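Reader: Please show me the structure, and then let us go through it by question and answer.

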Amino acid sequence: MSVTTSLPRAPRAGAVARTLTPGQARRIAVAAQGLDRPRPASPVTMAHLQRVVGRIGLLQIDSVNVVARAHLLPLFSRLGPYDAALVERASGRSPRRLVEFWAHEASYIPPATFQLLRWRMEGYRQRDHWGRERDHTPGVLEAVREFVASSGPVTATEMHAALGHARGAKEHWGWNWTPAKHALEHLFNIGEIAAAGRTPQFERAYDLTERVLPPAVLAAPVPDPDEAVRRLVTISARAHGVATVRCLADYFRLPTATTAAAVADLVEEGTLEPVHVRGWKDAYLAADARLPRRVRARALLAPFDPLVFERRRLLDLWGMHYRIGIYTPATQRTHGYYPLPFLLGEHLVARVDVKADRQAGLLRVRAVHSEEPDGVPGLVRSGAGTWPGTGEVATELAAELAEMARWLGLGEVVVDDDADGDLPDDLTAALTQR
């Protein structure tokens, strides 16, 4: 819940740019992501899901399932307990509300956004990454294209069997792709086929793009690359509230120079406004951004949550130097294997390393560390923005973990006896008092 004040009217052309404090920038950012909004009191519906995705623009897909699939967690952070089958339905049944493509890495995006990335698909086509495969596997691309057309949706496993391809030795990141899989991915990258859904094993099922996208989306004209980038930057700006060119480019992995040109156009038309934020090289405010006087947000954030995508912004706004442990040797991890930042109000006040122990029916806390307020830019010591005490952090974190356990169908939250960090005892006490 938040109390919102209108931002002052944008300055006239030639006027001095407005200045936002770091605290204002934080609250704008939290509000832009919808994390300050009350969670639905009634069961979550497809309409709720679409509103969240419409606001944040995308859900990064990742197969890591320590707690839940990474793309499911941002929806929980904003909606509370919901039926994850909604995501399967949105991405796997017609009319699809979500489709996959390379946005911020592999991502679920609205079908209309898929069309804004056609220039990226054309880039893949022109670079012809299939060329090497074509040289030593002639005819495979054509065979895969024909099989998908006649039998789709089809998984890579089904394609391997149909073409008689065996998996080879493992390559980088454990991949051992067959020629059929390479062909499927090439056709996916250039937009000829699309993901019609995913199996329970999280394997893509491919079909012709014209059978995946809604007819109305297919019928709409595809914008030229410059217009497409402007629209993508507009989506990114809405999701950020206030951002640098670097942040706006990172959201959809756009070239910096191309993004800067789009930003200049959007400033000219009034969609973005240049502002000053202390410590930032450049900053742009979205025209429809909200500035709450105070936010009462409470959420556990996935490492791939849009609020924390851009690690430099995370450091500049919240004072958090974040590294996910799954890519780090165990001896070098500072906050655990899969630490989730904990948002309370406008601040990131803790990190908790959790694991869904499905066999035991428990949500295990393996580490929980508090954040120090000293490094938080522009922290207000009284009034709005006051740093919460340890007891409040533990109590609110216990409540949020209990909500997560309920969503995951787990019986209770337990703090491991050997849990690392400075908050295990306080969190254990808070959980006991619930």
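Predicted model: local features only at pLDDT ≥ 70, side-chain atom pairs only at ≥ 80, totals over all residues.

Author: Residues are numbered from 1 along each chain as its sequence is written, and side-chain values use heavy atoms, with hydrogens and water left out.

Reader: Which residues make up domain 2 of the protein chain?

Author: Domain bounds come from an automatic or database domain assignment. That assignment gives domain 1 as 19-108 + 223-286 and domain 3 as 319-433. Domain 2 is 128-165 + 177-213.

Reader: How much area do domain 1 and domain 2 bury between them?

Author: Buried area is the accessible area (1.4 Å probe) that two parts lose on being put together, summed over both. Of the area buried here, 53% is on carbon and sulfur atoms. The total is about 1000 Å².

Reader: How far apart are the closest N and O atoms of the salt bridge between E100 and R204?

Author: A salt bridge needs a side-chain nitrogen of Lys or Arg within 4 Å of a carboxyl oxygen of Asp or Glu. Two salt bridges are counted between domain 1 and domain 2. For E100 and R204, the closest N and O atoms are apart by 2.9 Å.

Reader: What is the distance between the C-alpha centres of domain 1 and domain 2?

Author: The two centres in question are those of the C-alpha atoms of domain 1 and domain 2. The distance between them is 29 Å.
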